[in-house]
Amino acid sequence: MQINGAQAVLKALEHEGVETVFGMPGGAILPVYDPLIESSIRHILVRHEQGAGHMASGYAHATGKPGVAIVTSGPAATNMVTALLDAMMDSIPMVCITGQVALPAIGTDAFQEADTTGITMSATKHNYLVTKVEDIPQVIHDAFHLATTGRPGPVLVDIPKDLVLPDAVFEWYEPTGHDLPGYNPKTEGDPASIAEASKMIMAAKRPVIYSGGGILRSRAADELRTLAEMTDIPVVTTLMNRGGFPDDHELNLGMPGMHGNYTAVMAMQEADLLIALGARFDDRVTGARDKFAPDAKVIHVDIDPAELGKVRFAHVPIAGDAKSIITEMIKEIEKLGGADGQPDRDAWRQTLSGWQEKYPLVYGDHEPGKLLKPQFVIEKLAEACPPDTILCSGVGQHQMWASQYWTFNHPYTWINSGGLGTMGYSIPAAVGAKAGMPDRMVWAVDGDGCFQMTSQELITAAVEHIPVKVAILNNSWLGMVRQWQELFYDERFSETHFGSEIPNYKMWAEAMGCVGFRVDSPEEVVPTIQKANEINDRPVVIDFRTQAEENVYPMVPAGASNSEVLVDPSQRDADSSGETS
Amino acid sequence: MSHIPEFHTIVVRVENKAGVLARIAGLFSRRGFNIESLAVAPTDDDRFSRITIVVDVASTSIDQVVKQLDKLINVLEIRELDPETSVERELMMTTLSAPTPEARREIIDLVQIFDAQVLNVGFDQLMVSLVGSQRRLDDFEALLSRFGIIEIQRTGKIALSELAKVEPTES
Ligand SMILES: Cc1ncc(C[n+]2csc(CCOP(=O)(O)OP(=O)(O)O)c2C)c(N)n1
């Protein structure tokens, strides 16, 4: 069958099982948009290409399927860069198709020409500039394979316009294999290393399972739970793995890191064995690297061999897929006698529960005449929503409170920008998640700063009937930066005040086709959330007016050792400076 | 603190595709790896190229260099060559000032001693070349420097593993 390049792009996407794409047309990609009218693929027309990228990412997070974005050349491709790098840092499977100027025009500074493959080289797992129309099926097939296997990530396919014009025809074929001689990710762990790791686990006195986003990517939440329960070893869940182990499980110590639970932070710090599963010793987790977990031996399981030993020496490095390795580990530990073969860890358990009792997450009561406590809003929101609600977040204080005060009991219910920390991530990610999971309730928790970056995608949501809900924790500041200025810059608040009068979020929401609410007092919080939860035909935005002075605690100051974690002021000893040790 | 370089040679087999060199160069710059020299050319199979990279690993781990390179989709194989068990060669071409018959004679003497070659002769200059180990090229360059080096170009080294000297015994 003879088809042209544009038809081939869509046929190749259909062939990969793509049902939904996010994008915006323009000159170079126009020919691909023409046959889209006949295609079974649902196209969601965004208001900004960055939105398309984050939607693809939210879609991928929520569904486990690769997210797909299609945009034109030049400025559209550069608008996509943030979303690509975001997906790269958080290992999100994504395929992005960009238009490019015609082959003969490449290198001439043609209208809307950008060196897209050059610009995105370090923001993608791999990228392609297609140079022959008959390569389209193979390249797209390979792109999906790369995006979804090994360590997942974004792959970009740049297609010059002359290859998708109606007269660029070729004989369609279905690729049978892959043309990737240099790519063969290893998924099975080395059995000897797994056996050694299992022995170390059995012997450890103060072990902690350090579980990261790799658990979710490898769909290994059940295996993680089995491992933790059979060994009775406590688990910390990083920002990327919230939901990968249930929050209400007694072995869950919560989130570690800069704004982690005291117990999670200190458990890692005092451990004699860290069992890192799909985690990468990010600096936001380790604090000062040379003072991190000084007594711990390390077992490190990761699909990406380059992560092993990159930041922290691993006594037992195991490259491979977390699900398969944990499964093998469980068998090995059973052979070694399971829970019975382990030393007495009562002292460790008592230390942990002592910390939990002494330093739970806390926030103050509402102060009359003051605005809302943001933590209270998150707690009430979590209580009012079904347990399988998908929560997306922007970047800042609200993100940390969302992670801390929501109870995540199911995998794939938490979607945020961890590695890149991209403000404005939440709304488009929520739209993508809801597009992929229309039957689930999807909330975005956003800051006022973040909202002003990407809220135009609520127009997309309204027009495309994707009823997401947004809770703005509106403190009228770039809150997280304000917090750093308060604590580390002598309260010199340089350029972080947004003001509380402009914009009017309720009116703005309404103008975008959403329902808008504004909440100032604690009594209105729950009733307004309930109202929002009953609306299913449109997006909803609630402007929660929150107290600007509220800071996120615990906090490990940047560059400090995790042992110097600052707890909430109310938990500090009168005679100490705020540090707990 | 003065930086004392420590060089390792790695040989990388890559797909012979557009942009591969840019991917490698980009990786080195963004990860802060230092390239001392780099030589690249197609192999007998024109689908692949072979790149010899000399890296300074004084401030980065060679393990990371190799693993990060391995993540590049177009990279097929990476080998680290041990200088003890590999044969290395580099090519140098240089134009020297030789305005007097004495200078010419002395240069030609050195060329003969080093088994180098005179490539081109000008009325007051000589162009010579030498193939050899890096060390030998360094010595030659040092000895020539007093004549006045007008231009010099070195290729960066290429290397292959040393061959076995005895037939392996069946075990
Ligand atoms: C695109 C981008 N620009 C700047 C920053 C730096 N930054 C981190 S948090 C933050 C403030 C976020 O403010 P807001 O969205 O109101 O959230 P809050 O911290 O008040 O909850 C800023 C400016 C960033 N992370 N991303």
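## Helix 5 of chain A

In this predicted model, helix 5 of chain A spans residues 81-89, and its buried residues are A:Ala83, A:Leu84, A:Asp86 and A:Ala87. These residues lie on the same side of helix 5 of chain A because they cover an arc of only 160° around the axis. The cover over them includes helix 3 (49-63), strand 5 (94-100) and strand 7 (154-160) of chain A. Just after helix 5 of chain A comes A:Ser91, which takes a positive phi of about 55°.

## Helix 4 of chain B

Helix 4 of chain B runs over residues 134-144, and B:Leu137, B:Phe140 and B:Leu144 are buried in it. Seen down the axis, the buried residues of helix 4 of chain B fall within an arc of 65°, so they line one face of the helix. Among the elements that cover them are strand 5 (86-97), helix 3 (101-114), strand 7 (125-132) and strand 8 of chain B.

Helix 4 of chain B is also joined to strand 8 by a charged pair. B:Asp138 forms a salt bridge with B:Arg154, with the closest N and O atoms 2.8 Å apart. B:Asp138 belongs to helix 4 and B:Arg154 to strand 8 of chain B, so this pair ties together parts that are 16 residues apart in sequence. B:Asp138 is partly exposed, at a relative accessible area of 39%, and B:Arg154 is partly exposed at 22%.

## Two residues on strands of chain B

B:Gln153 lies in strand 8 of chain B, residues 149-154. Is B:Gln153 buried or exposed? B:Gln153 has a relative accessible area of 53% and counts as exposed. Leaving aside neighbours within four places in sequence, B:Gln153 is in contact with B:Leu91, B:Met92 and B:Met93.

B:His8 has its place in strand 1 of chain B, residues 7-15. The side chains of B:His8 and B:Glu6 are joined by a polar contact of 3.5 Å. Not counting residues up to four places away in sequence, B:His8 touches B:Ile53, B:Val54, B:Val55, B:Val57, B:Ile62 and B:Glu80.

## Where the chains meet

The contact between the chains takes 17 residues from chain A and 15 residues from chain B. About 1,300 Å² is buried between chain B and chain A, and carbon and sulfur atoms give 56% of this area. On the chain B side, B:Arg23, B:Lys67 and B:Ile73 lose the most area to chain A, together 46% of what that side buries.

Between chain B and chain A there is one salt bridge. B:Lys71 pairs in it with A:Asp304, the closest N and O atoms being 2.5 Å apart. The interface also has five residue pairs in polar contact. Helix 1 (20-30), helix 2 (62-71) and strand 4 (75-81) of chain B each supply at least two residues to the side that touches chain A. Helix 2 of chain B gives the largest share, five residues. By class, this side of chain B has seven charged, four polar and four nonpolar residues.

## Salt bridges

Side chains of opposite charge can pair when their charged atoms come close. Over all chains, the structure holds 36 salt bridges. One network of salt bridges links B:Lys71 with A:Arg151, A:Asp304, A:Glu307 and A:Lys310.

A:Glu19 and A:Lys65 meet through their side chains in a salt bridge of 3.5 Å, N to O. This pair links distant parts of the chain, 46 residues apart: A:Glu19 is in the loop between helix 1 (5-15) and strand 2 (20-23) of chain A, and A:Lys65 is in the loop between helix 3 and strand 4 (67-71) of chain A. A:Glu19 is partly exposed at 47% relative accessibility, and A:Lys65 is partly exposed at 35%. In another salt bridge, A:Arg545 pairs with A:Asp543, with the closest N and O atoms 3.0 Å apart; A:Arg545 and A:Asp543 are both buried.

Terms used:
Residues are numbered from 1 along each chain as its sequence is written. Chains are lettered from A and ligands numbered from 1 in the order in which they are written. This is a predicted model: local features need pLDDT of at least 70, side-chain atom pairs count only at pLDDT 80 or more; totals for chains, interfaces and linings use all residues. Side-chain values use heavy atoms; hydrogens and water are left out. Buried means under 20% relative accessible area, exposed over 50%, partly exposed in between (1.4 Å probe, protein chains only). Helices (H or I, at least four residues) and strands (E, at least two) are DSSP runs, numbered from the N terminus. The arc is that of the directions from the helix axis to the C-beta atoms. Contact means heavy atoms within 4.5 Å. Buried area is the accessible area (1.4 Å probe) that two parts lose on being put together, summed over both. A salt bridge is a side-chain nitrogen of Lys or Arg within 4 Å of a carboxyl oxygen of Asp or Glu. A polar contact is a pair of N or O atoms within 3.5 Å; within protein, one must be able to donate a hydrogen and the other to accept it, and residues adjacent in sequence count only if both atoms are side-chain atoms. Ala, Val, Leu, Ile, Met, Phe, Trp, Tyr, Cys and Pro count as nonpolar, Asp, Glu, Lys and Arg as charged, and the others, Gly among them, as polar.
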